[in-house]
Amino acid sequence: DRKAVFNLDSFVPIINQVVDPGVVWVKAESPYKTLKDFLDDAKRRPGTIKTGATGTFSDDHLAILKLEEVAGIKVRTVQFNGFADALTATLGGHVDISFNNVGEVVPRLKSGEVRVLAVMDPQRSKFMPDVPTMADLGYPTVISSSSRGVVGPRGIPDPIVKKIQEVFFDAMKNPEYIEKLDKAGLASKPIIGEEYGKYLQAIHAMAKPLVEKGLKERKPGR
């Protein structure tokens with residue numbers, strides 16, 4: 001197996017820009033009206049419900065593995081190269097349900113093409129306030145998102161790190177920037193320096209056992 005020549009400690013956390021929460025969604029005509037409908041069906045038919053994700057060990061795939069773990073279900077995960085392929089397959093009925101992100105699904109929710117069953121974030125999304133969170137539905141540990149931020153190689157002098165943080169933070173307060181994010185269904189969430197480092201460590205701690213679980217399941221004979 002290929003192994004990375006770096007780890008999280010190889011980088012200095014500078015600033016986070018966006019946190020785009022994960023969502024569980026179906027096409028509008030799906031028989032699944034709620035997350036419970038999906039989970040109940042998955043328990044009745046283990047390993048048969050086709051569930052879309054955007055790549056092995058992507059945030060979407062890890063969210064599926066986590067929900068399987070805490071809800072006691074097993075699904076048949078279908079990996080796609082990106083959201084466009086997952087969207088086509090889900091709307092076309094080739095997969096039963098998909099795990100993606102708020103920013104990707106918002107336009108389709110507004111057009112009435114999809115139904116979002118849950119948001120995988122502690123707070124409801126301002127872009128779909130009527131959609132319950134996983135915590136609302138009894139699964140507070142099922143949290144997933146795609147975050148975008150800035151890091152640099154370890155060893156950057158502190159004054160330079162602080163200057164980069166100031167420049168990015170000021171830019172994130174620009175009304176035009178905020179307007180463009182809102183149009184894209186993306187929530188700005190600046191997290192700076194040490195707090196950003198803690199955030200990255202928490203994501204790593206959550207993802208590591210899920211990746212290990214997924215690798216075991218992929219071994220022949222399992």
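Figure 1. Q165 is buried, with a relative accessible area of 11%, where buried means under 20% relative accessible area, exposed over 50% and partly exposed in between, for a 1.4 Å probe and protein chains only. The model shown here and in the other views is predicted, so that local features need pLDDT of at least 70 and side-chain atom pairs count only at pLDDT 80 or more, whereas totals for chains, interfaces and linings use all residues. Residues are numbered from 1 along each chain as its sequence is written, and side-chain values use heavy atoms, with hydrogens and water left out. Q165 belongs to helix 5, residues 158–172; helices (H or I, at least four residues) and strands (E, at least two) are DSSP runs, numbered from the N terminus. When residues up to four places away in sequence are not counted, Q165 touches P13, I14, I15, I192 and G193, contact being taken as heavy atoms within 4.5 Å.

Figure 2. V12 is found in strand 1, which spans residues 11–27, and V12 is buried, with a relative accessible area of 13%. Leaving aside neighbours within four places in sequence, the residues in contact with V12 are V151, G152, P153, R154, I156 and V161. From C-alpha to C-alpha, V12 and E179 are 29 Å apart in space, and they are 167 residues apart in sequence.

Figure 3. Which strand has seven of its seven residues buried? That is strand 5, which is therefore largely enclosed by the rest of the structure. Strand 1 pairs with strand 5 in the antiparallel sense over six bridges, two strands being paired if DSSP finds at least two bridges between them; G22 has M120 as its bridge partner in strand 5. In strand 4, five of the five residues are buried, so this strand too is largely enclosed by the rest of the structure. Both faces of strand 4 are covered, with I97, F99 and N101 buried on one side and S98 and N100 buried on the other. Strand 1 and strand 4 run antiparallel and are joined by four bridges, and the bridge partner of V23 in strand 4 is N100. Strand 2 and strand 4, in turn, run parallel and are joined by two bridges, with I97 in strand 4 as the bridge partner of T51.

**Figure 4. Close-up of the nonpolar cores.** A nonpolar core is a set of buried Ala, Val, Leu, Ile, Met, Phe, Trp, Tyr and Cys residues joined through side-chain atoms within 4.5 Å. The largest such core has 23 residues, of which F38, L67 and M134 touch the most other members. Two or more residues of this core come from each of strand 1, helix 1 (35–44), helix 2, strand 4 (97–101) and strand 5 (114–120). Not counting residues up to four places away in sequence, M134 touches V24, L35, L67, A118, V119, M120, Y139, P140 and V142.

**Figure 5. Close-up of helix 2 against helix 7.** The axes of helix 2 (residues 59–71) and helix 7 (residues 193–218) come within 10 Å and cross at roughly 85°; axes are lines fitted to C-alpha atoms, for helices over the stretch in contact, and angles run from 0 to 180 degrees between N-to-C directions. The two helices are therefore roughly perpendicular to each other, given that angles of 65 to 115 degrees count as roughly perpendicular, under 35 as roughly parallel, over 145 as roughly antiparallel and the rest as oblique. On the helix 2 side, L62, L65, K66, E68 and E69 meet A207, L210, V211, K213, G214 and E217 of helix 7. By class, this contact has five nonpolar, one polar and five charged residues.

Figure 6. Beyond its neighbours within four places in sequence, F83 is in contact with W25, T54, N100, E104 and V105. Leaving aside neighbours within four places in sequence, D41 is in contact with Y32 and I49.

Definitions and conventions: Ala, Val, Leu, Ile, Met, Phe, Trp, Tyr, Cys and Pro count as nonpolar, Asp, Glu, Lys and Arg as charged, and the others, Gly among them, as polar.
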